[in-house]
Amino acid sequence: MRSLAATMDAQTSFHLLDPIISQDVGLSYKLLRLVNSGYYSLADQVKSIQQAIALIGLQQLRSWMLLLVMATADDKPHELTAVAFNGQKYAKCLARHWASNMQNPIS
């Protein structure tokens, strides 16, 4: 929860998150596994938490941390995690669509 709170803080920087996430072995492992997965298709293996955070960015880290916390909560059905994940993806698509329409308004 400390890692999640630090990640959600608007004043957080990469340098502040590195030691907080590094203290949690399970979280560190999951983050490095995510960054080194085929999803990111990196040529070199990422071995440091700070490099992993820099590669995925704070916004993606926040999304991932929220999803991870929801997935590990014991008192909720697994469907809730899937619905939350899909809702997040839908909100991102709407935000991109809205931002592109604001930049190129229809005359």
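A nonpolar core is a set of buried Ala, Val, Leu, Ile, Met, Phe, Trp, Tyr and Cys residues joined through side-chain atoms within 4.5 Å. Buried means under 20% relative accessible area, exposed means over 50%, and partly exposed lies in between, with a 1.4 Å probe and protein chains only. This is a predicted model, in which local features need pLDDT of at least 70 and side-chain atom pairs count only at pLDDT 80 or more, while totals for chains, interfaces and linings use all residues. Residues are numbered from 1 along each chain as its sequence is written, and side-chain values use heavy atoms, with hydrogens and water left out.

**Overall layout and confidence**

- The secondary structure of the chain consists of five helices and zero strands; helices (H or I, at least four residues) and strands (E, at least two) are DSSP runs, numbered from the N terminus.
- Along the sequence the pattern reads α-α-α-α-α.
- The chain has 107 residues, of which 27% are buried.
- Among the contacts in the chain with a separation of 6 or more, 48% join residues 24 or more positions apart; contact means heavy atoms within 4.5 Å.
- The average pLDDT of the chain is 77, and 70% of the residues score at least 70; pLDDT is the predictor's confidence in each residue, from 0 to 100.
- Confidence is highest in helix α3 (residues 25-35), with a mean of 90, and lowest in helix α5 (residues 78-103), with a mean of 66.

**The largest nonpolar core**

- In soluble globular proteins, nonpolar side chains tend to be buried together.
- The largest nonpolar core here has 19 residues, and those touching the most other members are L17, I21, L31, I53, L61 and W64.
- At least two residues of this core come from each of α1 (2-8), α2 (14-22), α3 and α4 (49-72).
- Helix α4 gives the most to this core, nine residues.
- Not counting residues up to four places away in sequence, L31 touches I21, I49, A52, I53, I56, L61 and W64.

- L4 lies in helix α1 and is buried, with a relative accessible area of 11%.
- Apart from neighbours within four places in sequence, L4 is in contact with M65, L66 and V69.
- From C-alpha to C-alpha, L4 and L17 are 9.8 Å apart in space, and they are 13 residues apart in sequence.
- T7 also belongs to helix α1 and is buried, with a relative accessible area of 1%.
- Apart from neighbours within four places in sequence, T7 is in contact with L17, L61, R62 and M65.
- T7 and L61 are 54 residues apart in sequence, yet their C-alpha atoms are 7.5 Å apart in space.

- The buried residues of α3 are L27, S28, L31, L32 and V35.
- These residues cover an arc of only 130 degrees around the axis, so they are on the same side of α3; the arc is that of the directions from the helix axis to the C-beta atoms.
- V25, Y29 and R33 are exposed on the other side of α3.
- At the start of α3, a side-chain oxygen of D24 comes to within 3.2 Å of the backbone nitrogen of G26.

**Helix α4: I56**

- I56 is in helix α4 and is buried, with a relative accessible area of 10%.
- Not counting residues up to four places away in sequence, I56 touches L31, V35, Y40 and L61.
- I56 and L31 are 25 residues apart along the chain, and their C-alpha atoms are separated by 9.8 Å.

- The structure holds one aromatic pair; rings of Phe, Tyr and Trp (its six-membered ring) pair if their centres lie within 6.5 Å, and planes under 30 degrees apart count as stacked, over 60 as edge-to-face and the rest as tilted.
- The ring centres of Y39 and Y40 are 4.9 Å apart and the ring planes stand at 85 degrees, so the pair is edge-to-face.
- Y39 is exposed, with a relative accessible area of 66%, whereas Y40 is partly exposed, at 22%.
- S41 is in the loop between α3 and α4 and is exposed, with a relative accessible area of 59%.
- The phi angle of S41 is near 45 degrees, a positive value in a residue other than glycine.

Conventions
A polar contact is a pair of N or O atoms within 3.5 Å; within protein, one must be able to donate a hydrogen and the other to accept it, and residues adjacent in sequence count only if both atoms are side-chain atoms.
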